[in-house]
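Hi everyone, thanks for making time this morning. Let's bring the model up on the screen and walk through a couple of spots together.

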Amino acid sequence: MKWQTLGSVRLVDRPWVGVREDRVRFDNGLEQDITVVENRVGVHVLAVFQQNIVLVDKVNYPGGQESSLELPGGVANSNYLLTEALREFSEETSLEAGWCRPLITLHPGAFRLESPSHIFLATDIRAITDPHWKQDKDENELINRVVLVPLNEAVAMIGHEISDT
């Protein structure tokens with residue numbers, strides 16, 4: 001089913017989130033108002049190091065007070081998604097990747113939520129050795145530690161110990 005956007009009204013416009021209401025007409029003639037939440041583009045890195053997945057143990061607001069294991073990542077500050085993913089990976093882990101490529105783009109809640117999340121696969125993981133490099137985490141990032149989880153254990157942990165808040 002296709003649709004035509006007849007009009008759009010911006011309801012909220014903030015640096016991290018926007019909300020708009022679109023008036024749409026579907027090809028069957030039905031017209032409807034649809035509220036759309038616009039989040040910033042997400043970038044995450046699935047890093048494989050010696051048969052382990054690199055995760056971060058972090059607390060996210062408003063995800064709750066409990067920490068969770070997650071793929072390192074965050075929001076893209078530019079359209080250079082690979083560069084942004086590697087920046088987030090380094091900021092959160094103090095590691096760098098020698099090889100990194102797009103793996104998949106996810107569109108959670110695609111009908112009423114514009115929030116694509118680009119996942120990159122990275123290998124050749126190593127500690128950052130540049131003496132001038134300085135870790136530059138966001139002030140509100142509460143990262144407890146970097147965790148290596150064996151590949152064979154990581155699959156069983158998805159949705160339980162490994163999550164995305």
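Let's begin at threonine 93, which sits in helix α1, the stretch covering residues 81–93. Keep in mind throughout that what you see is a predicted model. Is threonine 93 buried or exposed? Its relative accessible area is 8%, and because buried means under 20%, threonine 93 counts as buried. And what does its side chain reach? That would be the backbone oxygen of phenylalanine 89, at 2.6 Å.

Now please turn to the strands. Strand β1 spans residues 3–13, and it pairs with β2 in the antiparallel sense, over nine bridges.

You'll find glycine 18 in strand β2, which runs over residues 17–26. Its bridge partner is aspartate 13. Glycine 18 is also buried, at 3% relative accessibility.

So who are the contacts here? Leaving aside residues up to four places away in sequence, glycine 18 touches Arg10, Val12, Val36, Val37 and Glu38.

To recap, we looked at threonine 93, buried at 8%, and at glycine 18, buried at 3%. Thanks, and I'm happy to take questions.

Terms used
Residues numbered from 1 in each chain as written. Predicted model: local features only at pLDDT ≥ 70, side-chain atom pairs only at ≥ 80, totals over all residues. Heavy atoms only, no water. Helix = DSSP H or I, 4+ residues; strand = E, 2+ residues; numbered from the N terminus. Buried < 20%, exposed > 50% of the residue type's maximum accessible area, 1.4 Å probe, protein only. Polar contact = N/O pair within 3.5 Å; in protein donor to acceptor, adjacent residues only side chain to side chain. Contact = heavy atoms within 4.5 Å. Pairing = 2+ DSSP bridges.
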